[in-house]
Amino acid sequence: MLHVEVSKQLGDFSVEVAFTSEGRVTGLFGASGAGKTSLISMIAGLQKPDRGVISVDGEALDDTTKSLHIAVHQRRIGYVFQDARLFPHLDVRRNLDYGRRMNRLTRDPAQETRLNDMLNIGHLLDRRPGQLSGGERQRVALGRALLSRPRLLLLDEPLGSLDEDRKAEILPYLMRLRDEAGVPMVYVSHDPDELRQLASHIVMLKRGRVAAFGGTEVLPT
Amino acid sequence: MFEISPTEWTAVLLSLKVGVVATLLATPIAIALAWALARYEFWGKSVIDATVHLPLVLPPVVTGYLLLLTFGKRGLVGGWLADHLGIVFAFRWTGAALACGVMSFPLLVRPIRLSIEAVDRRLEQAASTLGASPWQVFATVTLPLALPGILAGMVLGFAKAIGEFGATITFVSNIPGETQTISSAIYSLIQTPDGDTAALRLVIVSIVMSMAALVTSEVFARRATRRLHGN
């Protein structure tokens, strides 16, 4: 369960958002500039809310009344960025293993194999990020985030920088992850079709406010 | 002509030793300072920045004299270090290393700072969302990505250190076997009648060393850049 009740002033723009989602995939929908990225940066801990509470499964990560702000690296919230952000100096294998090493987790070869198969990245392990296509990069970024064993996965327009063919290539992987990985997700997108296929709950944002909350029926057709 | 005498060898080896020690000790300090200058705004930042660059623009003899005043046997810091830790700089090779370290410091800091500034902060953010603490981010992302600049700075600093003359001779004089580096040896030989051939030999040696340093830095930088572009 994800509970968010935050406000933040960003120059002339302010984000004031409250919602609670039990969904396996919560879709954050809105035009660019609606505050989607600000909101998930706050959930990730990359930005601090001016006021408010963020909690995951009842555990508070931010609570400004108690001056509580859990640091990004201690939140165990995975983040898949639009631009993948793979480490260019590490090969795919070491990119995938990064979260495990940083959190000093024990190796789980079964999970590694399962994810490699699920994302079809097993044949890329010895390559460098520079040698991957956009779609491959995004699949590795998904695997990397999941292998850090997060309790929540944030996806910020992971298909945003891909063309239509690549999008169609990645979507099935995302649906498999949703059904098989067992990690709740927050999925940011400005594409209603994408969200209809992936999300169960929709938070619709407009100019920093929640304009609608509900099932996929709130999405514009 | 190409018979290098033992005294000349001593000077060459001393220069190398001074250069290596100065570079290795100055590099961690330079990285820490470059990091602070690249990433933080703090009170007195421009003063610190200017102070770091001062040896680049001051007459070397002035830097040497200031070192003598500070780190000499009766100097404020030098006296304390000699009394309490037994570290003496004045007229020792350690003093030559200190002088070379100070003189080459701006050349070290600058490329390191630029390369830290060039590191994509978004990669650091990605690392922290994967559970890396700020120190881990620095060690596993920032530092490796800044490596070309760090190596370039080290080689440049080393080349400057082995060639340093003015500050060294002012601070620790020109004692064969102790503080006579290749530069001060050349200077002495030019002052000596019939020293021309020997001076020329050392000139050739120093050209070869400097060229080697520059080529090495180029090779390192290229290799590191290739690594960073992920190919």
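**Which hand does the crossing of H2(A) and H4(A) have?**

Before the solution, some ground rules. This is a predicted model in which local features need pLDDT of at least 70 and side-chain atom pairs count only at pLDDT 80 or more, while totals for chains, interfaces and linings use all residues. Residues are numbered from 1 along each chain as its sequence is written, and chains are lettered from A and ligands numbered from 1 in the order in which they are written.

**Exercise 1. Work out how H2(A) and H4(A) pack.**

Step 1: find the elements. Helices (H or I, at least four residues) and strands (E, at least two) are DSSP runs, numbered from the N terminus. H2(A) covers residues 92-102 and H4(A) covers residues 134-147.

Step 2: get the geometry. Two packed helices are described by the angle between their axes and the distance between the axes. Axes are lines fitted to C-alpha atoms, for helices over the stretch in contact, and angles run from 0 to 180 degrees between N-to-C directions. Here the axes come within 7 Å and cross at roughly 30°.

Step 3: name the angle. Under 35 degrees counts as roughly parallel, over 145 as roughly antiparallel, 65 to 115 as roughly perpendicular and the rest as oblique. H2(A) and H4(A) are therefore roughly parallel to each other.

Step 4: settle the hand. A crossing is left-handed if the near helix is turned anticlockwise from the far one by less than a right angle, and right-handed if clockwise. The crossing of H2(A) and H4(A) is right-handed.

Step 5: list who touches whom, where contact means C-beta atoms, placed from the backbone, within 7 Å. From H2(A) come Val92(A), Asn95(A), Leu96(A), Tyr98(A), Gly99(A) and Arg100(A), meeting Val140(A), Gly143(A), Arg144(A) and Leu147(A) in H4(A). Sorted by class, that contact has five nonpolar, three polar and two charged residues. For the sorting, Ala, Val, Leu, Ile, Met, Phe, Trp, Tyr, Cys and Pro count as nonpolar, Asp, Glu, Lys and Arg as charged, and the others, Gly among them, as polar.

**Exercise 2. Describe chain B and the packing around H7(B).**

Step 1: Chain B has ten helices and zero strands, its C-alpha trace spans about 70 × 45 × 30 Å along its principal axes, and 43% of its 231 residues count as buried.

Step 2: pair H5(B), residues 93-118, with H7(B), residues 134-163. Their axes come within 8 Å and cross at roughly 155°. That makes H5(B) roughly antiparallel to H7(B). The residues of this contact divide into 15 nonpolar, six polar and one charged.

Step 3: H6(B) passes H7(B) in a right-handed crossing, using Leu123(B), Glu124(B), Ala127(B) and Ser128(B) against Val137(B), Thr140(B), Val141(B) and Thr142(B) of H7(B).

**Exercise 3. Which helix gives the most to the side of chain B that touches chain A?**

Step 1: count. The contact takes 19 residues from chain B and 22 from chain A.

Step 2: pick. H6(B) gives the most, with six residues.

Step 3: classify. The side of chain B that touches chain A has eight nonpolar, nine polar and two charged residues.

Definitions and conventions
Contact = placed C-beta atoms within 7 Å. Buried ≥ 20, exposed ≤ 12 C-beta atoms within 10 Å, placed from the backbone.
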